[in-house]
Amino acid sequence: MSDISVNGSGSNNATQQSSAGKDQTLTQANFLSLLVQQMRNQDPTQPMDASQMVTQLAQISQVSATQGLQTSFDSLSKSLQSNQLLQASSMVGRNVTVPSTAGKLSAGGTIDGAVNVPTSGARVLLQVTDASGSVVRNIELGTPDAGLVDFHWDGLSDSGDKLPAGTYGLKAQAGTSAAQTYVSGKVSSVGMAGSDLGTYLQVDGFGGVLLGQVARVN
């Protein structure tokens, strides 16, 4: 439920390691230099085999092509990330539904979300639990069709008491099977969570969530 950190302490180390790796990469110029030195220092009585030279030249060509392909992939990856971030920015201010087994209740607030019902006709029950795991509210959702079924919790216990602000657990049952729970919230901002993770959304009452985890946009 905590926000995704995009400025971790390990970023500088990662950058240094990346730079070191680049310095150790053998380029096409390095290959050509090695080949020229090898030809200059060869034994005149036993000149380099022509087939070996052809093999080494082919290796040079392969390295050059691989480097060019990697550069193209890196450029494409950066372009796709920038485009994804730009598209995600249009979601700021909109409500999204994301998978979660808990929700944050603000003072005097409510929690909205959904239950993913696997099969139609099953009795669906949503239970809200406190920090100790005790059930504080049971919400009957009837026997809906399969799919996402919305729920609204007003922040009251089964006895009608207004519960304090905090994080409350969510668990659902569809018939005899457990069902996935979701929470809904407004997107306040978007950002990049690193090249491996991609774009993330900051959702009010939830925290950071990856764009690919969003189940629904309202």
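Start with the largest nonpolar core, which has 31 residues. A nonpolar core is a set of buried Ala, Val, Leu, Ile, Met, Phe, Trp, Tyr and Cys residues joined through side-chain atoms within 4.5 Å; buried means under 20% relative accessible area, exposed over 50%, and partly exposed in between (1.4 Å probe, protein chains only). Select Val96, Val115, Leu126, Leu141, Trp153 and Leu201, the residues with the most contacts inside this core. Among the elements that give two or more residues to the core are β1 (95-99), β6 (147-153) and β7 (166-174). The largest share, four residues, comes from β7. Helices (H or I, at least four residues) and strands (E, at least two) are DSSP runs, numbered from the N terminus.

This is a predicted model, in which local features need pLDDT of at least 70, side-chain atom pairs count only at pLDDT 80 or more, and totals for chains, interfaces and linings use all residues. Residues are numbered from 1 along each chain as its sequence is written, and side-chain values use heavy atoms, with hydrogens and water left out.

Next, select Val96. Leaving aside neighbours within four places in sequence, its contacts (heavy atoms within 4.5 Å) include Met91, Val187, Leu201 and Val217.

Now select Trp153 and Tyr168, both buried. They form the one aromatic pair found in the whole structure. Rings of Phe, Tyr and Trp (its six-membered ring) pair if their centres lie within 6.5 Å; planes under 30 degrees apart count as stacked, over 60 as edge-to-face and the rest as tilted. Here the centres are 5.2 Å apart and the planes at 70°, so the pair is edge-to-face. Trp153 lies in strand β6 and Tyr168 in strand β7, 15 residues apart.

Finally, select Ser90, in the loop between α3 (50-88) and β1. Ser90 is exposed, with a relative accessible area of 53%.
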